[in-house]
Amino acid sequence: MNTLRAAALYFAVTFAAGFVLGTLRVLLIASRWGEVAAVLLELPIMLGIAWLVCGLTLRRFGISATNHRDIGMGAMALLFLILAEFALGILAFGRTPAGILASYATAAGALGLAGQLVFVALPVVRCRWGRFRPQ
C-alpha cells in the first residue's frame, strides 16, 4: 500500500507542477519561440522538480531498491500519468485518444515523451545508481 501512496504522491505533485509550467509554456513561450523551443525550456525544470519530489517521496515512504518497491513506484506513476494525460486531453481539451497518441510523433511530443520516461525511471535511478538511501 505504501508503494501505491508513494506513486500517487510522486505523480500528483509532479503533474500539478507540470500543469502550471505547461500552461505557461503554451501561453507565453510556444507562441513566441515555437513548441519545440518551449518544451526544451520546460523539460529541465520539470525533471528537476521530479528529481526533488522523487527523493522526498522515496524517503517519506521508505521505498528502496532492496525491497524492489522503487520499480513499482515508477510503474504506478506511469499508469497515473497516462490516465491523467488521456483524461485531461479528452475531457478538458476535446482531443481524441488517437490525437493524443499522434501528438507523440511530433518533435515536441517526442521530447515530452522522453521526459516522461525519465520521470518514470527516477525512482529506480535514485535508489539503485544514486547516493540516495531512505531513512
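**A friendly note on helix packing and a ring cluster**

1. Let's begin with two helices: α3 (residues 69-92) and α5 (residues 107-129) pack at an angle of about 165°, their axes 8 Å apart. Here helices are DSSP runs of H or I with at least four residues, numbered from the N terminus, while axes are lines fitted to C-alpha atoms over the stretch in contact, with angles from 0 to 180 degrees between N-to-C directions. That makes α3 roughly antiparallel to α5 (under 35 degrees counts as roughly parallel, over 145 as roughly antiparallel, 65 to 115 as roughly perpendicular and the rest as oblique).

2. A word on the source: this is a predicted model, in which local features need pLDDT of at least 70 and side-chain atom pairs count only at pLDDT 80 or more, while totals for chains, interfaces and linings use all residues. Residues are numbered from 1 along each chain as its sequence is written, and side-chain values use heavy atoms, with hydrogens and water left out.

3. Which residues of α3 and α5 make the contact? On α3 they include I71, M73, A77 and L81, and on α5 they include F119, V120 and V124 (contact means heavy atoms within 4.5 Å). The residues of this contact divide into 10 nonpolar, two polar and three charged (Ala, Val, Leu, Ile, Met, Phe, Trp, Tyr, Cys and Pro count as nonpolar, Asp, Glu, Lys and Arg as charged, and the others, Gly among them, as polar).

4. Helix α3 also packs against α1, at an angle of about 45° with the axes 8 Å apart. The two helices are therefore oblique to each other. Among the contact residues are F11 and F15 of α1 and M76 and F80 of α3. This contact has 15 nonpolar, three polar and two charged residues.

5. Now look at the rings. The structure holds three aromatic pairs (rings of Phe, Tyr and Trp, the last by its six-membered ring, pair if their centres lie within 6.5 Å; planes under 30 degrees apart are stacked, over 60 edge-to-face and the rest tilted). F11 and F80 form a tilted pair, 5.9 Å centre to centre with 50° between the planes. They sit 69 residues apart, F11 in α1 and F80 in α3. Ring pairs link F11, F15 and F80 into a cluster.

6. Is F11 buried or exposed? F11 is buried, at 14% relative accessible area, whereas F80 is partly exposed at 22% (buried means under 20%, exposed over 50%, partly exposed in between, with a 1.4 Å probe and protein chains only).

7. Finally, visit E42 in helix α2 (residues 35-61). E42 is buried, with a relative accessible area of 13%. Leaving aside neighbours within four places in sequence, E42 touches G18, L21, G22 and R25.
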